[in-house]
Amino acid sequence: MTSPPPRPPVFVPRASYRQRRIRDMARLLPMVGAVLFMIPLLWPQRGDGPGTGEVQMTSGAIVYLFTTWVILIALAAIISRLTGSDDASGDDPAAPAGRA
């Protein structure tokens, strides 16, 4: 009686799994940025609510937006470097050949 064929491994290779999660982060980053850019819309404005509540200044919102924008750029650069590390190895057979 012959033994059954070996079963494939249950888990994917670690490097492949990490590359997929990094690509997922890259896909999610624009949505996170859109939500972060909408947060100043929730800040109270002049005349909101009864009494003399604290009012958020427009300059504070601009500083928040600029800081968020810079952080998103930095995250995109980091994610780009992490996803580009496998492409630079030259193992991709579909990649175009260099110029002669």
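Let's start with P30. P30 counts as exposed, at 55% relative accessibility, because the cut-off for exposed is over 50%. This proline is found in helix α1. Keep in mind that the model is predicted.

Where does P30 sit relative to A76? In sequence, P30 and A76 are 46 residues apart. In space, C-alpha to C-alpha, P30 and A76 are 9.4 Å apart.

Now the helix around that proline. α1 covers residues 14-38, which is 25 residues. From first C-alpha to last, α1 reaches 36 Å. That is close to the 36 Å expected at 1.5 Å a residue. Still, α1 has a bend. Where is it? The bend is at L28, and it is about 35°.

Which residues of α1 are buried? Q19, I22, L29 and G33 are. So the list holds L29, whereas P30, the next residue along, is exposed.

On to charges. Side chains of opposite charge can pair when their charged atoms come close. How many salt bridges are there? The count comes to two. Take D24 and R21 to begin with. D24 forms a salt bridge with R21, and their closest N and O atoms are 2.7 Å apart. D24 and R21 are three residues apart in helix α1, so about one helical turn separates them.

Next, R27. The side chains of R27 and D24 meet in a salt bridge, at 3.1 Å from N to O. R27 and D24 also lie in α1, three residues apart, about one turn of the helix. Why does that spacing matter for direction? An α-helix has 3.6 residues a turn, so residues three or four places apart point the same way.

R21, D24 and R27 are linked in a network of salt bridges. How accessible are these residues? D24 is partly exposed, because its relative accessible area is 30%. R21 is also partly exposed, at 36% relative accessibility. R27 is exposed, with a relative accessible area of 56%.

Now the nonpolar surface. Which residues make the patch? F37, L65, F66, W69, V70 and I73 make a nonpolar surface patch of about 540 Å². Which helix gives the most to the nonpolar patch? Helix α2, residues 58-87, does, with five residues. Take I73 from that patch. I73 is found in helix α2. At 42% relative accessibility, I73 counts as partly exposed.

Last, the whole chain. The protein chain has two helices and zero strands. Of its 100 residues, buried ones make up 10%. What about the contacts? Take those with a separation of 6 or more: residues 24 or more positions apart account for 71% of them. The accessible surface of the protein chain comes to about 9000 Å². Carbon and sulfur atoms hold 66% of that surface.

To recap. D24 pairs with R21 and with R27. The nonpolar patch takes five residues from α2.

Notes: Residues numbered from 1 in each chain as written. Predicted model: local features only at pLDDT ≥ 70, side-chain atom pairs only at ≥ 80, totals over all residues. Heavy atoms only, no water. Helix = DSSP H or I, 4+ residues; strand = E, 2+ residues; numbered from the N terminus. Expected span 1.5 Å × (residues − 1). Bend = angle between axes of the 7 residues up to and from the residue. Buried < 20%, exposed > 50% of the residue type's maximum accessible area, 1.4 Å probe, protein only. Patch = residues over 30% accessible without salt bridge, like charges linked within 9 Å, V, L, I, M, F, W, Y side chains within 5 Å. Areas by Shrake-Rupley, 256 points an atom, 1.4 Å probe, with all protein chains shown as cover. Salt bridge = Lys/Arg side-chain N within 4 Å of Asp/Glu carboxyl O. Contact = heavy atoms within 4.5 Å.
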